[in-house]
Amino acid sequence: MVSLNKKQILEMVSIKEAIHAMKSAFIHLSNGIAHIPPRLNFDFPDKNASSLVMPAYAIGNPYYCVKIVSINYSNPKRGLPLIHSVVQVFNASQGNQIATFDGESITAIRTAAASGLATNLMAKKDASICTIFGTGVQAAFHMKAIMEIRNIEKFIIFSRNEDTAAKFCDLHKKNIKCEIGSKTTLKKSDIICTTTSSKIPLIKFEDIRPGCHLNVIGSHQPMMREVSSDIIIQSKIIVDQLKTCKIEAGDLIIPMKEGIWSFENVHGELGMVVDGTISARESENE
């Protein structure tokens, strides 16, 4: 049995390597080699928490894995991590478990790497200002991913708590210029990453500049959303996996239920952009 903890995984996998790995991963997801059923998502209403169970297998691979995630929404106020997670790896031919990996580090790296890949393919080449909503683990790893693929001059940080935003900026100011966000500075952003568990839109279309690229990652339930319907209506939408988004991507499901948008308007999946099946950015103002 192989067991790898958070420290070991973070030492073994760089964000640059992870972004590169996402290319083949998303191609396999879009062309059917990777089999990833919709994740089991269930709530603990008396604990203000939920759990996600996510199996995955790629055709021809000797292994399959299952990631189990606990999300406790009250934890940040307690000074505790929002997410706890573990990845179990099994021999696909024999069924026996062969490894246990820390899931928090893998989730942090993989999610940010996916945004890094999307940003590299779709953000303007001269993008230099990035806004991040959130101050948790995903916010920190998104900073690393975006810096890996664009020459970022400044990060703008938004949080529900200004003190939290200030602490986040202080923590990262040695590596990059970082400041607390305002509506004026948001309008200057070339890239926006939303890394929250919000149920109400954080931004509207009028808040962003033409040509801005958005990585919207927080919604994993139909009632959750980070961006307004008018942003969805007036943007080119690229998704990770279409069938899953139809079940749990509140940012898309809500405007669909409002009758003002349709999943037929989705441009395609990220894997299709990677392999050149569909276009990415086609204009400076898109």
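Begin by selecting Arg225, which sits in the loop that connects strand 12 (213-216) to helix 8 (229-233). The model is predicted. Arg225 counts as buried because its relative accessibility is 9%, under the 20% cut-off. Display its side chain together with that of Ser229: the two make a polar contact at 2.7 Å. Next, show what touches Arg225 beyond four places in sequence; the set includes Ser198, Lys199, Ile200 and Pro201, as well as Ser219, Gly250, Asp251, Ile254, Pro255 and Glu258. For a distance across the model, select Cys130, 95 residues from Arg225 along the chain; the C-alpha atoms of the two are 20 Å apart.

Now move to Lys67, in strand 5 (residues 63-72). Lys67 is buried but has no salt bridge, and the nearest side chain of opposite charge, that of Asp102, is 10 Å away.

Finally, select helix 2, residues 15-31. Its 17 residues reach 25 Å from first to last C-alpha, close to the expected 24 Å. Centre the view on Met22 to find a kink of about 25°. Met22 is also one of the buried residues of helix 2, along with Ile15, Ala18, Ile19, Phe26 and Leu29. To see what covers these buried residues, display elements including strand 2 (34-35), helix 4 (103-122), helix 5 (137-149) and helix 11 (270-274). End the tour at Gly32, which follows helix 2 and has a positive phi, near 90°.

Note on methods: Residues numbered from 1 in each chain as written. Predicted model: local features only at pLDDT ≥ 70, side-chain atom pairs only at ≥ 80, totals over all residues. Heavy atoms only, no water. Helix = DSSP H or I, 4+ residues; strand = E, 2+ residues; numbered from the N terminus. Expected span 1.5 Å × (residues − 1). Bend = angle between axes of the 7 residues up to and from the residue. Buried < 20%, exposed > 50% of the residue type's maximum accessible area, 1.4 Å probe, protein only. Contact = heavy atoms within 4.5 Å. Lys, Arg positive; Asp, Glu negative; His and termini not counted. Salt bridge = Lys/Arg side-chain N within 4 Å of Asp/Glu carboxyl O. Polar contact = N/O pair within 3.5 Å; in protein donor to acceptor, adjacent residues only side chain to side chain.
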